[in-house]
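Work through the exercises below with the sequence and the model open. Each task is followed by a solution in steps.

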There are 2 protein chains.
Amino acid sequence: MIAIHPLFDIPEIRAGDHLAAVLRDSLTSAGLWPLKTGDVLVVTQKIMSKAEGRMVDLSTVQPGEEALELAATTRKDARLVELVLRESSAVVRAVPHVLITRHRLGHVMANGGIDRSNIGPGEEERALLLPVDPDRSARELLDALAGPGAAGIGIVVSDSFGRPWRHGVVGVAIGAAGLPALVDRRGEEDRDGRRLEVTQIALADQIATAATLATGEGAESVPAALLRGLTLPPGESGAAALVRPLEEDLFR
Amino acid sequence: MIAIHPLFDIPEIRAGDHLAAVLRDSLTSAGLWPLKTGDVLVVTQKIMSKAEGRMVDLSTVQPGEEALELAATTRKDARLVELVLRESSAVVRAVPHVLITRHRLGHVMANGGIDRSNIGPGEEERALLLPVDPDRSARELLDALAGPGAAGIGIVVSDSFGRPWRHGVVGVAIGAAGLPALVDRRGEEDRDGRRLEVTQIALADQIATAATLATGEGAESVPAALLRGLTLPPGESGAAALVRPLEEDLFR
């Protein structure tokens, strides 16, 4: 049995907050501390970005020429579009009300992963960027919570993405540590001795999605969840391993 | 807390088997019967297809001209390609070792969702098609297990799909009943009174993905899982609601 525990009572996070201490307190009050083998702590991008001081005051952003053009096309705030462009390596799609880019981290997503909702009262003019290096952030958090030598315990940094062929968002991993974000099973066989057709499993995405069932979206959202009872395969790879290079994109 | 219970001890399923009875027995022996509010039973496509007799003997399949051409391009078995074409409304991508189509149910996936692994010993020449109408199958299973008037209990039929921009497969829903497969929150506000940016949530996909953490892939796979402790939003839509029409595909 795998349990998904939402972590309530996490205070509003501000730049410089020690996220590990906050999460340890929350896990303790939920009776989930200490972490143990088979635990994966899922932390939403939102609180990790806030702790890292990734909030940007939009009034300080001067849109350039490309941002002004794209803002006209997409009918979005030109300052926001400027931030999206700074965060991205390529524009995938720009039509009215839609701006999809390849983020510099490799993920293809709407609005460069920039969040304007739920960032705190009276902060309408601010935007929250993704963490600078979510895989590194996950590793640092894991070391702080479980010690550098811990085995069988993982951290996933989650976000919500839309998908090309399907309606609705699902949780995805933008950072991971302590587990193989991508599980490679090429060469393994099924129980009848036939070679597996499915050979790569996006474990960190699956964990992020499962956590979303407990953390939710919007009004009742909570910023973290603990999955307990997983059997983590050996090996370790960050969420960067989940990014498919453009030249490998077989669905286009 | 949400619990994901893998359902072990499900016997090999054959055409005509009464899946509801088999699953009720498994739930009973796991101490999970009767179902209660907040339960969603996730059934893998594989056992639902087997129960519906969707196994095809490849030696009975005569590939047509298009199948022969696509088989040469993709280096796949022409009989399999013929089945894929019969199951599909459009070819999305055909390159060596890759055949991605839009299934007649609307889902974009590899090999028309046809499964050749784990279908039983000595059955190398057989292929397993998707259920004819997984949303209807889910509804019938829900009625059989929980009664036609049951509320707050759901069924999801799961499969594993690759994704265009990301490595690795994740669980997705190809059938659903008793819950809104797609949750539409347009017009709702976050806790600061700002309109939600994320407005549609692929709930059934999220549930299918979470279940995959317990059901797994390959050698140790189990064919069903029960999620207990969910708070299902009101409304009901099948997995068909998750299909994004081609003309709305904003990522291309």
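Contact means heavy atoms within 4.5 Å. Helices (H or I, at least four residues) and strands (E, at least two) are DSSP runs, numbered from the N terminus. This is a predicted model, in which local features need pLDDT of at least 70 and side-chain atom pairs count only at pLDDT 80 or more, while totals for chains, interfaces and linings use all residues. Residues are numbered from 1 along each chain as its sequence is written, chains are lettered from A and ligands numbered from 1 in the order in which they are written, and side-chain values use heavy atoms, with hydrogens and water left out.

**Exercise 1.** Describe the packing of α6(A) with α6(B).

Solution.
- Step 1, residues: Leu203(A), Gln206(A), Ile207(A), Thr209(A), Ala210(A), Thr212(A) and Leu213(A) in α6(A) are in contact with Leu203(B), Gln206(B), Ile207(B), Thr209(B), Ala210(B), Thr212(B) and Leu213(B) in α6(B).
- Step 2, classes: this contact of α6(A) with α6(B) has eight nonpolar, six polar and no charged residues. Ala, Val, Leu, Ile, Met, Phe, Trp, Tyr, Cys and Pro count as nonpolar, Asp, Glu, Lys and Arg as charged, and the others, Gly among them, as polar.
- Step 3, geometry: the helices, residues 203–215 in chain A and residues 203–215 in chain B, pack at an angle of about 120°, and their axes are 8 Å apart. α6(A) is therefore oblique to α6(B). Axes are lines fitted to C-alpha atoms, for helices over the stretch in contact, and angles run from 0 to 180 degrees between N-to-C directions. Angles under 35 degrees count as roughly parallel, over 145 as roughly antiparallel, 65 to 115 as roughly perpendicular and the rest as oblique.
- Step 4, handedness: α6(A) and α6(B) cross in a left-handed way. A crossing is left-handed if the near helix is turned anticlockwise from the far one by less than a right angle, and right-handed if clockwise.

**Exercise 2.** Describe how α1(A) packs with α5(A).

Solution.
- Step 1, geometry: α1(A) (residues 19–29) and α5(A) (residues 134–146) pack at an angle of about 50°, with axes 9 Å apart. α1(A) is therefore oblique to α5(A).
- Step 2, handedness: the crossing of α1(A) and α5(A) is right-handed.
- Step 3, residues: from α1(A), Leu19(A), Ala20(A), Leu23(A) and Arg24(A) meet Leu141(A), Ala144(A) and Leu145(A) of α5(A). The residues of the contact of α1(A) with α5(A) comprise six nonpolar, no polar and one charged.

**Exercise 3.** Which residues of α1(B) are buried, and what do they pack against?

Solution.
- Step 1, burial: in α1(B) (residues 19–29), the buried residues are Leu19(B), Ala20(B), Ala21(B), Val22(B), Leu23(B), Ser26(B) and Leu27(B). Buried means under 20% relative accessible area, exposed over 50%, partly exposed in between (1.4 Å probe, protein chains only).
- Step 2, partners: the buried residues of α1(B) pack against β2 (39–44), α2 (45–51), α5 (134–146) and β12 (224–228) of chain B.
- Step 3, helix end: just after α1(B), Gly31(B) has a positive phi of about 75°.

**Exercise 4.** Is Lys50(A) buried or exposed, and which side chain does its side chain contact?

Solution.
- Step 1, position: Lys50(A) belongs to α2(A) (residues 45–51).
- Step 2, burial: Lys50(A) has a relative accessible area of 7%, so Lys50(A) is buried.
- Step 3, partner: the side chains of Lys50(A) and Glu12(A) make a polar contact (2.9 Å). A polar contact is a pair of N or O atoms within 3.5 Å; within protein, one must be able to donate a hydrogen and the other to accept it, and residues adjacent in sequence count only if both atoms are side-chain atoms.
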